[in-house]
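Work through the exercises below with the sequence and the 3D view side by side. Try each task before reading its solution.

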Amino acid sequence: MHNAPPFAVERIDHVVFRVRDLDTSIAFFEAVLGCKVARRRPDLGLVHLRAGASMVDLVAIDGPLGRAGGAGPATEGRNLDHLCLRVEPFDERSIVRHLAAHGVTPRGPASTNFGAEGDGLSLYFTDPDENVIELKGPANLVG
């Protein structure tokens, strides 16, 4: 039997969709759902949209991040890039030990990424079906 995780999931921070056309998808999320662009990362082919307390991120399949994800949205292609869960507390060493106890290895060390609350540390790993999961800590509060 494994111990409980060293954190509690608070909410979904963001969901990332891989899209064929960024402009068309941005227009859809703005017009249909009332989301607003919060940040653009043209260097990555990534747009962050505010969705209430959470974010919906759009990744162009022909951009740097999108090309890394394989085939684009279609019957045989993925359009969901990853699920991000906001966790508290975010103690990288404890989280890595917990994942290791379950045979899971993070894709790399914690890195700073933008999410619903702003920039903060996160770790990425995959589930048994190779779905990518991101555990995200609180935003870095810089005075």
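Predicted model: local features only at pLDDT ≥ 70, side-chain atom pairs only at ≥ 80, totals over all residues.

Residues are numbered from 1 along each chain as its sequence is written, and side-chain values use heavy atoms, with hydrogens and water left out.

**Exercise 1. Find which residues of helix H3 are buried, and which are exposed.**

Step 1. Buried means under 20% relative accessible area, exposed over 50%, and partly exposed in between (1.4 Å probe, protein chains only). Helices (H or I, at least four residues) and strands (E, at least two) are DSSP runs, numbered from the N terminus.

Step 2. Go to residues 92-101, which form H3. Ser94, Ile95, His98 and Leu99 are buried there. They cover an arc of only 130° around the axis, so they sit on the same side of H3. The arc is that of the directions from the helix axis to the C-beta atoms.

Step 3. Turn to the other side of H3: Arg93, Arg97 and Ala100 are exposed.

Step 4. Look for the packing partners. The buried residues of H3 pack against strands S5 (80-88), S7 (118-126) and S8 (132-139). Contact here means heavy atoms within 4.5 Å.

**Exercise 2. Describe what lies at the start of H3 and what follows H3.**

Step 1. At the start, a side-chain oxygen of aspartate 91 comes within 3.2 Å of the backbone nitrogen of arginine 93.

Step 2. After H3 comes glycine 103, with a positive phi near 75°.

**Exercise 3. Is arginine 86 buried or exposed, and what does it touch?**

Step 1. Locate arginine 86 in strand S5.

Step 2. Its relative accessibility is 5%, so arginine 86 counts as buried.

Step 3. List the neighbours. Leaving out residues up to four places away in sequence, arginine 86 touches Ala8, Val9, Glu10, Arg11, Asp13, Glu117, Lys136, Gly137 and Pro138.

Step 4. Check the side chain. A polar contact of 2.9 Å links the side chains of arginine 86 and glutamate 88. Such a contact is a pair of N or O atoms within 3.5 Å; within protein, one must be able to donate a hydrogen and the other to accept it, and residues adjacent in sequence count only if both atoms are side-chain atoms.
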